[in-house]
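Student: I am new to this structure and would like to know what the labels rest on. Please take them one at a time.

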Amino acid sequence: MVKLTNCENTPLKRITLGLFVSLLWLIAIYMALETYVRFTHHNFLSFKAHELTYRNADMVMRNVLIPNAVGESVTNEWRVPYRINSWGLRDREYALPKPPGIFRILVVGDSGTEGYGVRIEDTYVKRFEERLNQLGQTLSPPVTYEVINAGVAGYSPLLEYMFLVRRGLQLEPDLVLLHYNYSDLLDDTALEHWTTFDADGIPVRCQPLKRIRVHGQHPLERFLSRHSRAFLYLEHKWNVFLYNRFYPYFKNPPEIELFVVFRGSSEEITRLWQRNARYIGLIHDLLQRQGVPLVLFTWPDAVEIDPHE
């Protein structure tokens, strides 16, 4: 006589039920966290989610624009499209080798050059290109100008030097323009704390701020990064924890007044400028060896002309 076992009392059934209940609890906790971070960190995480479609951390260049990426920059103030070319620049494609009759200008800078908050055609780089070509057609013979937007948010002379070494000069520029922003005073000093230098003191690698990994390009991670604020929140917290655990030798840079250029002493401003001057000097020497002129330019910042800023 065969004895039948009550399936409801089998260990397998109890384990399956326990796993199912645990899964429901995990989903409920995750959804609660998703709701919480969307209310408490909405602006930052929403901006980050959109930005990750075209920008990523980089273990050599700190952060880069993703080649061939398409996305949007979205804040409470603007919503503008981003299209990155195969060189990792917010611009159209450029032919190599450079066609005859082209005078090519490469513009390096930070977010002001990249064009934070404006369409690419409204950046000063493209406006300058348009104006130059209007003038170029009046010359005999006519000259065609290409002005390449090589601006990347967060860059300063230290990273701009590394960019020119790694990629910029491959674009065969006839002239390089470097936009100097007052924030560069702070940026180079801070960047040095995450930069590796060779035996001659030349920067060769700049670590991303509190990151031990770049955001992955796996479809699942890209989907979660784009649509789940809880995933971005947890990934950020976990990454910072691991960074502090495995990279304790990276010390925080000294606190510098954001508007030091307006409020700092002349001695402090001179000390900070000397950092910038070193990397601008490296850029000058690099370009001079290649026979490429360098023009350093700047303009008043909004805080200098508008008291509301």
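**Burial and salt bridges**

Tutor: Of the 309 residues in the protein, 41% are buried. The model is predicted, so local features need pLDDT of at least 70 and side-chain atom pairs pLDDT 80 or more, while totals for chains, interfaces and linings use all residues. Residues are numbered from 1 along each chain as its sequence is written, and side-chain values use heavy atoms, without hydrogens and water.

Student: Why is R55 called buried?

Tutor: Buried means under 20% relative accessible area, exposed over 50%, and partly exposed in between (1.4 Å probe, protein chains only). R55 has 7% relative accessibility, so R55 counts as buried. E51, at 8%, is buried too.

Student: What makes R55 and E51 a salt bridge?

Tutor: The term requires a side-chain nitrogen of Lys or Arg within 4 Å of a carboxyl oxygen of Asp or Glu. Between R55 and E51 the N to O distance is 2.8 Å, and they form a salt bridge.

Student: Why is D174 called partly exposed?

Tutor: Its relative accessibility is 26%, and therefore D174 counts as partly exposed. D174 also forms a salt bridge with K98, with the closest N and O atoms 2.8 Å apart. This pair links distant parts of the chain, 76 residues apart.

Student: How far apart in helix α4 are K126 and E129?

Tutor: They are 3 residues apart, so about one helical turn separates them. Their side chains meet in a salt bridge at 3.2 Å, N to O. Helices are DSSP runs (H or I, at least four residues), numbered from the N terminus.

Definitions and conventions: Helix = DSSP H or I, 4+ residues; strand = E, 2+ residues; numbered from the N terminus.
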